[in-house]
Amino acid sequence: MNTPKTTPKDFFLYFASFAALYVSVVSLISLLFAIVNRVFPDNLNVGYYYGDIYSGGMRMAIASLIIIFPIYLFLASYINRYLINNPEKKDLPIRKWLTFITLFLTAVAVVIDLVVLVNTFLGGEITTRFALKVLSVLVVAGSVFGYYIYDLRKSFAPGMPNRAKIIVPIACILVFGSLAGGFAIIGSPMKARAERLDMRRVNDLTSVQWQVVNHWQQKGVLPVSLSDLEDPISGHMIPTDPETGLSYGYEVTGNTSFRLCAYFRLDSNEAFRPSSVRTPYYSSYENDNWRHDAGEYCFDRNIDPDLYPVRDNLKDRAI
């Protein structure tokens, strides 16, 4: 019996199929991890970021699944029909090599997952968050392992039952259910852009605030307008609203007090909850109180001369 030869078509089909599988599996596990992080936040992550620390990786995982997973389904379906029409091709070396490599990798992933689980359990650190991540790896890797064990053993003779018709819908439910959960967390693209714009405004106002304080310490008086803060020598320029290009509002309200204003797209209580999931980008967020309503909002600030003293030779000018 002659051993079937691997054609360029065979190489492309199997290589593309397994590449799409690996990307889909990694993206799915990343998405499941991000969802677990969102639903079961870790209090140790509080206080370091402003914005959703999980949405960036989650968006990439969602984008990869939306594009790559359908490609994998198409290639897997095409290969299955191809082998039914050419059953001698099921013994191609490239098919067996890639299949056994995949089985090896998934088995290693499951074993490592179980080792980490036992080690963490012995350390007394088992949490719902960790257990769900372990379960995610076991389900995804175990499903891949089971499918390709079946794929190696099944017959492609016409008329033989195809159990993959049951496995594929289950995989689709898992993937599309995860995608739905991801979309529910990150929201619409319009809301994501509005969040980023408001985040930029808070960052800009924080920068302006400390420039005003620095001006007070250096000169003993508050700047009359934001243009007084510009320094052509150092190249410092006052930021403007990222959406409209207009200057931020600024008003001197006393000898040591001032007001900063901006127009926000969203209410910070909804968009930027200071929780273990949506946490401050600046560690001073809680003290500086950058929470805001949607629309025009102003922040009143008062400089404490004891905390931010002016230069010694300017104290007589400051009140």
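**A charged network on one helix**

Modeller: Asp-198 and Arg-201 are both in helix H6, three residues apart, which is about one turn of the helix. Helices here are DSSP runs of H or I with at least four residues, strands are runs of E with at least two, and both are numbered from the N terminus. An α-helix has 3.6 residues a turn, so residues three or four places apart point the same way.

This is a predicted model, in which local features need pLDDT of at least 70 and side-chain atom pairs count only at pLDDT 80 or more, while totals for chains, interfaces and linings use all residues. Residues are numbered from 1 along each chain as its sequence is written, and side-chain values use heavy atoms, with hydrogens and water left out. The pLDDT is the predictor's confidence in each residue, from 0 to 100.

The side chains of Asp-198 and Arg-201 form a salt bridge, at 2.7 Å from N to O. The term salt bridge stands for a side-chain nitrogen of Lys or Arg within 4 Å of a carboxyl oxygen of Asp or Glu. Asp-198 is buried, at 0% relative accessibility, and Arg-201 is buried too, with a relative accessible area of 1%. Buried means under 20% relative accessible area, exposed means over 50%, and partly exposed is in between (1.4 Å probe, protein chains only).

Arg-201 has a further partner: its side chain meets that of Asp-241 in a salt bridge, again given as 2.7 Å, N to O. Asp-241 sits in the loop between H6 and strand S2 (249-252) and Arg-201 in helix H6, so this pair ties together parts that are 40 residues apart in sequence. With 7% relative accessibility, Asp-241 is buried as well. Through shared partners, salt bridges link Asp-198, Arg-201, Asp-241, Glu-243 and Arg-265 into one network.

Next comes the helix that carries Asp-198 and Arg-201. H6 covers residues 189-219, 31 residues, and spans 45 Å from its first C-alpha to its last, close to the 45 Å expected at 1.5 Å a residue. That expected span is 1.5 Å times one less than the number of residues. Gly-220 follows H6 and has a positive phi, near 85°.

For the whole structure, a search gives 12 salt bridges. Another of these joins the side chains of Lys-96 and Asp-91, at 3.6 Å from N to O. Lys-96 is partly exposed, with a relative accessible area of 34%, and Asp-91 is partly exposed at 32%.

The protein chain has eight helices and five strands. From the N terminus on, they run α-β-α-α-α-α-α-β-β-α-β-α-β. The chain has 319 residues, of which 39% count as buried. A contact means heavy atoms within 4.5 Å. Among contacts between residues at least 6 apart in sequence, 79% join residues at least 24 apart.

The protein chain has an average pLDDT of 80, and 81% of its residues score at least 70. Over residues 46-51, pLDDT stays under 50, and the model has 25 contacts beyond four places in sequence for them. Over residues 272-288, pLDDT also stays under 50, with 64 such contacts in the model. Where pLDDT is low, the predicted coordinates should not be read in detail.
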